[in-house]
Protein chains: 2
Amino acid sequence: MTPPAPPGRVWAHVGQPFEPAAYDVLVIGAGRMGSAAALFLRQLAPEARLLLIEEGGLPNEDGATILAPGVWTLAGLPEAHHAAAHWTREAAQTLGDVSWQARPHVTLHPTPGLGRLPVEEALREHPQSLALLDPAALPWAEVDPQAATYRPGSLALRTAQQAVALGADLLLNTRAALCGGGEVQLERLTVTNTHQIVTHETHRQGAPTVILATGADAPHHAEHALGVHTRHARAYRQMPHLAAPSNDTSPVLRAAGLTLRPQHGAYTLIPPLHWRDPHGYQPAGGQLTGVPTGLRRETLEDLVAQMDELPVLASEALHMGRSLSDVPGAWLALPGGTPAGRPTFEPLDDHTWLLLGGPQADTLGLHTAYKLASTLAQTLGGQTAAL
Amino acid sequence: MTPPAPPGRVWAHVGQPFEPAAYDVLVIGAGRMGSAAALFLRQLAPEARLLLIEEGGLPNEDGATILAPGVWTLAGLPEAHHAAAHWTREAAQTLGDVSWQARPHVTLHPTPGLGRLPVEEALREHPQSLALLDPAALPWAEVDPQAATYRPGSLALRTAQQAVALGADLLLNTRAALCGGGEVQLERLTVTNTHQIVTHETHRQGAPTVILATGADAPHHAEHALGVHTRHARAYRQMPHLAAPSNDTSPVLRAAGLTLRPQHGAYTLIPPLHWRDPHGYQPAGGQLTGVPTGLRRETLEDLVAQMDELPVLASEALHMGRSLSDVPGAWLALPGGTPAGRPTFEPLDDHTWLLLGGPQADTLGLHTAYKLASTLAQTLGGQTAAL
């Protein structure tokens with residue numbers, strides 16, 4: 001039996017000297033997908049020397065997951081993916097504190113159908129939830145009793161910590177640009193006295209295997225740097241706050257694609273995504289009959305269309321803001337170019353793999369990262385594990 | 001029997017003095033929808049004094065229809081709308097020269113289905129058309145033998161001319177802004193020696209009935225000026241040129257939502273619309289693995305995805321341009337906010353009606369304009385006609 005590897009090194013700031021070294025794998029992006037790929041590679045291919053690179057000051061400092069509300073549910077998921085969802089659920093819960101909270105997921109419908117209960121029955125124990133909707137407009141409900149909420153940001157952090165504990169090196173505050181041929185240009189960033197982010201030093205680091213896991217930016221980065229065109233796209237999703245009371249057992253509610261996720265004693269709204277945003281689109285606040293809002297127009301219209309079914313949306317509880325920065329939002333990768341895309345990975349060239357989470361990363365992401373790690377472990381001389 | 005009304009007046013330039021007068025109806029926008037509403041109102045309510053206002057120098061000088069390729073077909077149209085389509089077809093053909101050309105419309109499919117023929121059979125008399133596609137990838141075809149192509153730009157012009165011949169007044173080179181209460185601010189435009197468009201004079205013109213028919217801009221105009229929120233949206237559609245040979249009998253081809261419209265001995269491509277463009281989107285040329293193109297990225301990706309089925313798209317015949325201005329394109333209204341929206345009209349306030357064409361205006365537009373005219377004729381004291 002080989003002794004456990006010593007913990008990896010962490011470079012948090014430019015005061016800590018970094019020199020390129022021999023690595024077998026570089027992982028760009030310590031969001032939940034990249035961090036999980038790093039952890040699983042440490043587990044499956046412990047001989048492989050691995051460097052995890054993150055532009056922010058902590059795994060998941062920037063980007064979407066720090067804001068992401070995180071809902072695990074089987075609702076709307078085809079049966080063929082249930083095993084992967086359960087795998088992700090188990091893995092997320094064993095990774096330490098990710099604020100995992102079991103709560104039912106209740107999909108609300110205007111019409112009856114297979115597996116639907118009267119909404120009053122489904123929400124009998126949750127009068128606060130029932131008060132948000134009009135039972136005459138949404139009289140039917142479908143319950144996923146296994147659902148849960150958690151914090152994808154904590155998941156990224158815990159996963160990266162455990163990857164380091166198992167011997168992965170972690171380079172923070174560093175921007176990485178693909179150069180082709182397994183080469184990566186590293187820019188170590190620092191902050192000046194006037195709060196500008198500047199490049200302190202650059203390095204060239206190579207490795208036989210590079211995993212690109214920078215989320216919504218990754219497909220563009222791949223195309224720009226490697227000339228590899230993919231069908232992946234992105235959309236800018238805003239998640240406004242709804243000041244209606246919730247508690248630790250309040251169910252997640254979904255109606256017409258809109259998810260109401262209990263969070264911090266209130267709700268975070270996760271609006272539906274209908275389509276990719278076009279190339280060149282700059283997110284902009286909307287206007288509703290002349291009044292500027294921080295919510296983009298399309299999201300606003302979707303919410304307005306649901307005000308009869310969910311009267312709480314027509315109240316002051318909905319925080320629409322006055323400008324874009326008032327409403328939390330982030331670019332989200334759309335694997336395959338559609339909002340229905342599931343987490344996926346694919347080779348970009350002889351050295352580089354693209355790893356994408358997207359809208360269903362909460363439910364399926366860790367399993368996809370594990371599949372990539374398992375695929376790579378075969379060539380890295382590690383074990384392969386049955387999924 | 002009342003004698004026919006004398007022809008209306010036409011103000012083409014600011015040298016011709018215009019004074020606000022008593023009108024019963026103002027129609028803003030002399031595209032095909034507004035011009036048709038004006039013509040049908042002259043027919044159905046000849047007592048009603050009508051002013052048609054156009055920002056360009058001719059009916060349809062600017063905007064989408066001058067570029068629009070124009071395809072009339074029943075393909076994909078639910079049965080319930082066939083009567084309206086046939087009505088539109090009859091009306092368009094009787095309005096004078098609109099370059100009407102009967103041609104089959106052939107929808108290509110990868111799989112067999114009801115009413116589908118082998119593609120070689122469907123295109124037996126059109127070897128030039130068959131050469132554009134890979135019969136192994138698209139072996140099945142559905143033929144609409146009644147289809148035709150025409151010029152919506154000519155339709156707008158002929159319709160406006162006949163409206164004037166029947167007594168409608170026409171005010172060209174004039175921008176109209178709704179002020180509410182049936183009042184409209186008119187800006188008569190002229191061009192300076194340095195080719196700048198400037199406002200020469202403004203007038204205030206009122207009427208009990210105002211029809212807003214300015215196409216993709218109309219919903220925004222309505223909301224901005226009247227505070228009336230609608231669900232209508234818009235999308236920027238580019239129609240690139242395909243330098244493959246066609247003739248006067250070549251069928252219109254459609255595959256995966258892309259229409260190839262024979263025009264000028266070659267083809268105009270009409271790409272599918274998947275969704276509205278977001279508020280604030282500025283059309284931008286795309287890049288494909290670093291090479292700038294005039295085609296927007298989303299359209300480019302759709303065409304790339306079809307290159308196996310339609311190898312001609314992978315050839316130099318496709319004009320992608322280098323910047324946005326190289327590719328003809330225009331904003332298109334999406335009635336109801338979706339690409340499937342059909343032409344429609346609706347009251348905005350006590351005086352103002354919105355009239356929208358959109359993606360199916362070629363097949364259904366004139367009928368919708370007639371329905372609006374017929375609705376209005378009842379209150380204007382004219383005849384009502386059965387549709």
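In strand 19 of chain A, you'll find that A:T268 is the bridge partner of A:R261. That pair belongs to a run of 5 bridges joining strand 18 (residues 258-263) to strand 19 (residues 266-270) of chain A, and the two strands run antiparallel. Keep in mind that this is a predicted model.

**Another sheet in chain A, and its helices**

- Chain A also has an open sheet of 7 strands in the order 1-10-3-2-14-24-23, and the pairing there is mixed too.
- Its edges are taken by strand 1 (10-11) and strand 23 (344-347) of chain A; each has a single partner strand, so one side of each is left without a neighbour in the sheet.
- Strand 1 of chain A is joined by 2 bridges to strand 10 (residues 169-171) of chain A, and this pair runs parallel.
- If you want one pair to look for, A:V10 has A:L170 in strand 10 of chain A as its bridge partner.
- Helix 6 (residues 218-226) of chain A packs on this sheet, touching strand 14 (209-212) and strand 24 (352-356) of chain A, and its direction makes about 160° with that of strand 24 of chain A.
- Helix 8 (residues 361-379) of chain A lies across strand 14, strand 23 and strand 24 of chain A, and runs at about 165° to strand 24 of chain A.

**A hairpin in chain B**

- Over in chain B, strand 12 (residues 183-191) and strand 13 (residues 197-206) run antiparallel and are joined by 9 bridges.
- One of the pairs to pick out is B:Q185 with its bridge partner B:R204 in strand 13 of chain B.
- Strands 12 and 13 of chain B form a hairpin with 5 residues between them, and B:H195 in the turn has a positive phi of about 65°.

**Where chain A and chain B meet**

- Chain B gives 26 residues to the contact, and chain A gives 26 residues.
- Between them, chain B and chain A bury about 2300 Å², with 56% of it on carbon and sulfur atoms.
- On the chain B side, B:W275, B:H279 and B:E301 lose the most area to chain A, together 24% of what that side buries.
- The rule finds 10 residue pairs in polar contact across this interface.
- Strand 20 (287-288) and helix 7 (297-305) of chain B are the elements that give two or more residues to the side of chain B that touches chain A.
- Helix 7 of chain B supplies the largest share of that side, 5 residues.
- By type, the residues on the chain B side divide into 7 nonpolar, 10 polar and 9 charged.

**Salt bridges**

- Side chains of opposite charge can pair when their charged atoms come close.
- Over all chains, the structure holds 30 salt bridges, and the count between chain B and chain A is 8.
- One of them links A:E223 and B:R297, whose closest N and O atoms are 2.7 Å apart.
- This pair crosses between chains, from A:E223 in helix 6 of chain A to B:R297 in helix 7 of chain B.
- The side chains of B:R231 and A:E301 also meet in a salt bridge, at 4.0 Å from N to O.

Technical notes. Residues numbered from 1 in each chain as written. Chains lettered and ligands numbered in written order. Predicted model: local features only at pLDDT ≥ 70, side-chain atom pairs only at ≥ 80, totals over all residues. Heavy atoms only, no water. Pairing = 2+ DSSP bridges. Helix = DSSP H or I, 4+ residues; strand = E, 2+ residues; numbered from the N terminus. Contact = heavy atoms within 4.5 Å. Axes fitted to C-alpha atoms, helices over the stretch in contact; angles between N-to-C directions. Buried area = accessible area lost by both parts, 1.4 Å probe. Polar contact = N/O pair within 3.5 Å; in protein donor to acceptor, adjacent residues only side chain to side chain. Nonpolar A, V, L, I, M, F, W, Y, C, P; charged D, E, K, R; others polar.
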